[in-house]
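Thanks for making the time this morning. I would like to walk you through a few side chains, so please have the sequence and the structure open while I talk.

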Amino acid sequence: MQKAKFEVIKVTTDDNTIADYVEGAEFTAILTRYVEAYGSFDEALKHLEQYAQDEYSIFKTSENGRGVSGLMSYGNYTVRETYTPSSKIETVEDFYVTIDRDSNEIIKSLVANDLPFSAYLKLVKLDKETGKVVTFSNATFELYKLNESTGEWEQVKCKVGDTYYTSWTTTDRGIATTETKLEGRKI
C-alpha cells in the first residue's frame, strides 16, 4: 500500500512583518471519504476508533512551528487545526492533502498562516484557448465574495473618499486594478 507523511508549518503574525512560529498547535487529518460519509469533520472525528491507524493522524507543532503527520495511506485527507494554543492566534481554515506517492518521506510541506492579508487586485483578461493576455479595453468586471457567516455572495466595493466602486473597466492595455486593497485569508 502507498503511504507517506506530510508536514505542516504553523506561523502567526499581526502585521506583514516576519511571522512567529507556533508551538503546540494540533492538527487532525482524516481520510476525506469518512468526512463525507459522516456528513462533517466533527462527526467523522467521533469515529476515529473505527478507522485504520493509517487513515487518520493527530499531531502537534514543535517549537519551530513544524508538525509531521503519522504515516498515512494513499488517499485524500481533510485537515483541521483542532487545537490552537492561544486565543491571540487565529485557527487556520480546513485544508486538504493528497497522499499520492509510494514513499515514507515527508511529501508535502504546508505553511498554515493565520494572518488575514490585504492586497490590490489586478484583473487581466486572458484568451481561453491560448492563455495569453488579451488587450481588450473597456471590458467591465464585477467582483463577489462569499460571506462565510451567511453563506451569501456579496458584491465587493472599494471606497475612495465618498465614492464607492463596484465595477472595474480595463484600460487600453487590458488591465483593471481595484482602487483599494481587498481583504482575504490564506493558509
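**Aromatic pairs and a buried serine**

Let me begin with Phe6, which counts as buried because its relative accessibility is 0%, and please keep in mind throughout that this is a predicted model. The structure holds 5 aromatic pairs. In one of them, the rings of Phe6 and Phe59 have centres 5.7 Å apart and planes at 80 degrees, so this pair is edge-to-face. Phe6 belongs to strand β1, residues 3-12, while Phe59 belongs to strand β4, so the pair ties together parts that lie 53 residues apart in sequence. Phe59, for its part, has a relative accessibility of 7% and therefore also counts as buried.

Another edge-to-face pair is formed by Tyr51 and Tyr56, with 6.3 Å from centre to centre and 65 degrees between the planes. Here Tyr51 is buried, at a relative accessible area of 7%, whereas Tyr56, at 22%, counts as partly exposed, since the cut-off for buried is under 20%.

Which residues do ring pairs link into a cluster? They are Phe6, Phe27, Phe59 and Phe95.

That brings me to Ser57, which sits in strand β4, residues 56-60, and which is buried, with a relative accessible area of 6%. Leaving aside residues up to four places away in sequence, Ser57 touches Phe27, Thr28, Ala29, Ser69, Gly70 and Met72. With Gly70 there is also something specific to look at, in that the Ser57 side chain reaches the backbone nitrogen of Gly70 at 2.8 Å.

Definitions and conventions:
Residues numbered from 1 in each chain as written. Predicted model: local features only at pLDDT ≥ 70, side-chain atom pairs only at ≥ 80, totals over all residues. Heavy atoms only, no water. Helix = DSSP H or I, 4+ residues; strand = E, 2+ residues; numbered from the N terminus. Buried < 20%, exposed > 50% of the residue type's maximum accessible area, 1.4 Å probe, protein only. Polar contact = N/O pair within 3.5 Å; in protein donor to acceptor, adjacent residues only side chain to side chain. Contact = heavy atoms within 4.5 Å. Phe/Tyr/Trp six-rings, centres within 6.5 Å; stacked < 30°, edge-to-face > 60°.
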